[in-house]
Amino acid sequence: MSSSPLRRTALDALHRSLGATMTDFAGWDMPLRYGSERDEHNAVRTRAGLFDLSHMGEITVTGPEAAALLDHALVGDIGGVRVGRARYTMICREDGGILDDLIVYRLAGSEAGSSPYMVVANASNAQVVLDALVERSAGFDAEVRDDRDAYALIAVQGPESPGILASLTDADLEGLKYYAGLPGTVAGVPALIARTGYTGEDGFELFVKPEHAVELWQALTKAGEGAGLVPCGLSCRDTLRLEAGMPLYGHELSTSLTPFDAGLGRVVKFEKEGDFVGREALAAAAARAGANPPRVLVGLVAEGRRVPRAGYAVVAGGTVIGEVTSGAPSPTLGKPIAMAYVDAAHSAPGTPGVGVDIRGTHEPYQVVALPFYKRQK
């Protein structure tokens, strides 16, 4: 079987010039780290970090029935999203299993009678989401367009990010709420400026044309010099989202889990008009979760130094009670942490006697509520 060559973002040469360690991520050649991942992580928590997220999958949905299509295809109430706002949602199979978690932006429209929507999927699932939306669009007066090559995506995240971005744009960042997006110009480059991110910090994601990516990255780098901005790779993005208790597809989310299994049932909107894919199965899952949740997603904090990894068994009294979905050393807490699905009987914070089986040794762990880290607003 021949493997296709890795896709490269518009910033590829720039990452290499900065000495980035590159890695294959969902078929893309992406920067894993530039120097120390701990330093990059701490920069985002205390100052600011710059990320290339151009591997994410943008899909544009347009037409008079764009909202109706998305209400049918996704579990959220997309018709209720106002222009300039965004919503976290999911796309599920008929059996309720999660195909992907998504952010849907409602853009200001030039289209007659409707505004377009931009669906942002995870890189690993972009094709699956695109195919599902195309299939589910049958019978709707709406068009689903693959816009993955139309955008580069640069994120600036961390407490200094509003100041850094404000020095390069006259867009109203003060008025831009979390999960909102507005068109503007950043360093002379037309962009969709969104106040979203995957780090647990305040920050922005900038959708621009690929040919503008390098000049925007360089302008942000220069603007952030005095504020301690550093380029950041995927490795620290993972520890940042883990501390913030944010799920990662393929770890906390999968086709074998419903949103209710993942503790994210709030994204499913049964009260919206019309049928949606998976409604029946999800209603059953909601009832099950309410009565007797099979397993619950919890946080685990190590008492020792050994790091738990995805797939490791969670144990209590010699019995397997769950499984680690994500684990890493936490630079902010200074000890290893993990997210894990555990039996409901062992899911309360402070439950005694819980450990993780790390190569045959049951290392003690403390059960805590998620997230591990919450920024001070």
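The structure holds one cavity of 30 Å³ or more, a cavity being a set of points, on a 1 Å grid over the protein atoms alone, where a 1.4 Å probe fits but cannot get out. The volume of the largest cavity is about 30 Å³, taken as the space filled by probe spheres set on the points, with grid points joined across faces, edges and corners. Its lining (residues with an atom within 4 Å of a point) consists of Phe 51, Leu 53, Ala 155, Gln 157, Gly 197, Tyr 198, Thr 199, Glu 205 and Arg 237. The model is predicted, with local features requiring pLDDT of at least 70 and side-chain atom pairs counted only at pLDDT 80 or more, while totals for chains, interfaces and linings use all residues. Residues are numbered from 1 along each chain as its sequence is written, and side-chain values use heavy atoms, with hydrogens and water left out.

Helix α4 spans residues 126-136, and its buried residues are Ala 126, Val 129, Leu 130, Ala 132, Leu 133 and Arg 136. Buried denotes under 20% relative accessible area, exposed over 50%, and partly exposed in between (1.4 Å probe, protein chains only). Helices (H or I, at least four residues) and strands (E, at least two) are DSSP runs numbered from the N terminus.

An open sheet of three strands has the order β1-β3-β2, with mixed pairing. Strand β3 (residues 28-33) pairs with β2 in the antiparallel sense over five bridges, and Pro 31 of β3 is the bridge partner of Met 22. In the loop between β2 and β3 lies Ala 26, which has a positive phi of about 50 degrees although it is not a glycine. Ala 26 counts as partly exposed, at 38% relative accessibility.

A positive phi, near 50 degrees, also occurs at Ala 187, in the loop between β11 (181-186) and β12 (189-194). The peptide bond from Leu 370 to Pro 371 is cis, with omega near -5 degrees; Pro 371 lies in the segment after β20 (361-368).

Key: Pairing = 2+ DSSP bridges. 1 Å grid on protein atoms, 1.4 Å probe; cavity = no way out; pocket = protein on both sides within 12 Å on 5 of 7 lines; lining within 4 Å.
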